[in-house]
Amino acid sequence: MTGDGTRAVRAGLPEAAANEPTLPGPVFAAHYHLPGDGGGPYTYGRDTNPTWTLLERAIAELESPGADTAPAETVAFASGMGAISATLMSQLRPGDAVVLPDDGYNLLIPVRERLAEIGVEVRTAPTRDDGQLAQLDGAALLWIESPSNPGLDVCDIRRLADAAHARGALVAVDNTLATPLGQRPLDLGADFSVASATKALTGHGDVLLGCVTTRDPALAAAVRGWRKIVGAIPGPMETWLAHRSLATLQLRVDRQAQGALALAEALLTRADVSGVRHPGLPSDPAHETASAQMLGGRYGCVVSFVLPDKPHAERFLAALRLVDDATSFGSVRSSAERRARWRGDAVPEGFIRFSVGVEDPADLVADVLRALDEAAGGPAADRPADGGSSDGGPAAY
Ligand SMILES: Cc1ncc(COP(=O)(O)O)c(C=O)c1O
């Protein structure tokens, strides 16, 4: 198998053909010429698109590079939520039980509510200490998010997948934070690897996209079928931008992991900072499990920590010069936010989720330490009011 960087650069590219581009441009088509009885690979734009085909091949190659496994198939979506909903809704029926994390991405909360409304039994447990293990009897599907967002807990995916399969349950892993270069859930026994490609996979903070990858053709067909009926399809331009971004995936995730570790280590030295979490920190409670199942020292770009209170955290965010106060994570540009502003996560008011970009780590650490000093002494900043969703659910990303 070639190295990760080489695979990322070439993933999904078509065979070289004279006078053709190496990565063909986006195909914008609602319909294709379709004489007679129709058929062929491209028929109607909600079903298929050649630009999707190339990106889907690329992600499948990254999620499942081994030559000794069944080939994987990826289905691309308009967003990570499209991918998550399609996986759950294509598999679960009224009367089924599903085991979800109670500390995962907070839009899982309204998803849980919808599932319960259609008669699915929803069970939840924490990611840490493999808490979901105790909930598996009689379940149809186990949903794992490791590392979890925003708490950065980690579970033993292989152990949970083996236990779920022994009870006849399918296993899906949200691999958003790790990316396929940091963790390969299918190799750890999962049936589905699901991700918000909006984050580190595409990595520029300018595209929304999601993906589901599986080695089981019937599961892939079910997810694809769900995409078709809900129409949660990615735009060709976003799809092409995503594929173009994959070429730098290894460069980005390596640099982000390096910067995240440097930041976490610097934060550990501060008396005004508590609860520093990053799976790459040797002292982190998640480190042992993370290092056994995550790849290449790529523990992700997120560091979380707690400042004494809301005003202190607001002063810190306002004092940062190299870091955007924004939700989401995984971009080349660092961002940070006071997570409690969304009211969807069980975190203290001063909890900061920090996403490390590809800036020089020394510059970033210096900016953070300076902002912490200012926050410790400075006046309360004039900050906008709390965010919140218009549709009743939490609305953080
Ligand atoms: C872990 C995780 N999964 C899924 C999603 C949803 O992705 P999207 O915003 O692309 O719909 C997010 C968004 O923040 C996330 O953090």
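This is a predicted model: local features need pLDDT of at least 70, side-chain atom pairs count only at pLDDT 80 or more; totals for chains, interfaces and linings use all residues.
How are the axes of α3 and helix α4 (residues 108-117) placed, and at what angle do they cross? Residues are numbered from 1 along each chain as its sequence is written, and side-chain values use heavy atoms, with hydrogens and water left out.

**View 1. The shell of residues around the ligand.** The ligand is surrounded by 15 residues, the closest being Gly80, Asp174, Ser196, Thr198 and Tyr397, where a residue counts as near if one of its heavy atoms lies within 4 Å. The shell comprises six nonpolar, six polar and three charged residues, with Gly counted as polar and Tyr as nonpolar. Helix α3 (residues 80-91) supplies the largest share of this shell, three residues; helices are DSSP runs (H or I) of at least four residues and strands (E) of at least two, numbered from the N terminus.

View 2. A polar contact here is a pair of N or O atoms within 3.5 Å. A backbone N or O atom of Met81 lies 2.8 Å from a ligand oxygen atom, and a side-chain N or O atom of Ser196 is likewise 2.8 Å from an oxygen atom of the ligand. A polar side-chain atom of Thr176 lies 3.5 Å from a nitrogen atom of the ligand. Of the 390 Å² of accessible area that the ligand has on its own, the protein covers 96%, as computed by the Shrake-Rupley method with a 1.4 Å probe.

**View 3. Helices α3 and α4.** The axes of α3 and α4 come within 12 Å and cross at roughly 30 degrees, axes being lines fitted to C-alpha atoms over the stretch in contact, with angles from 0 to 180 degrees between N-to-C directions. Because angles under 35 degrees count as roughly parallel, α3 is roughly parallel to α4.

View 4. Cis peptide bonds join Ser146 to Pro147, with omega about -10 degrees, and Asn149 to Pro150, with omega about 10 degrees.

Definitions and conventions: A polar contact is a pair of N or O atoms within 3.5 Å; within protein, one must be able to donate a hydrogen and the other to accept it, and residues adjacent in sequence count only if both atoms are side-chain atoms. Angles under 35 degrees count as roughly parallel, over 145 as roughly antiparallel, 65 to 115 as roughly perpendicular and the rest as oblique.
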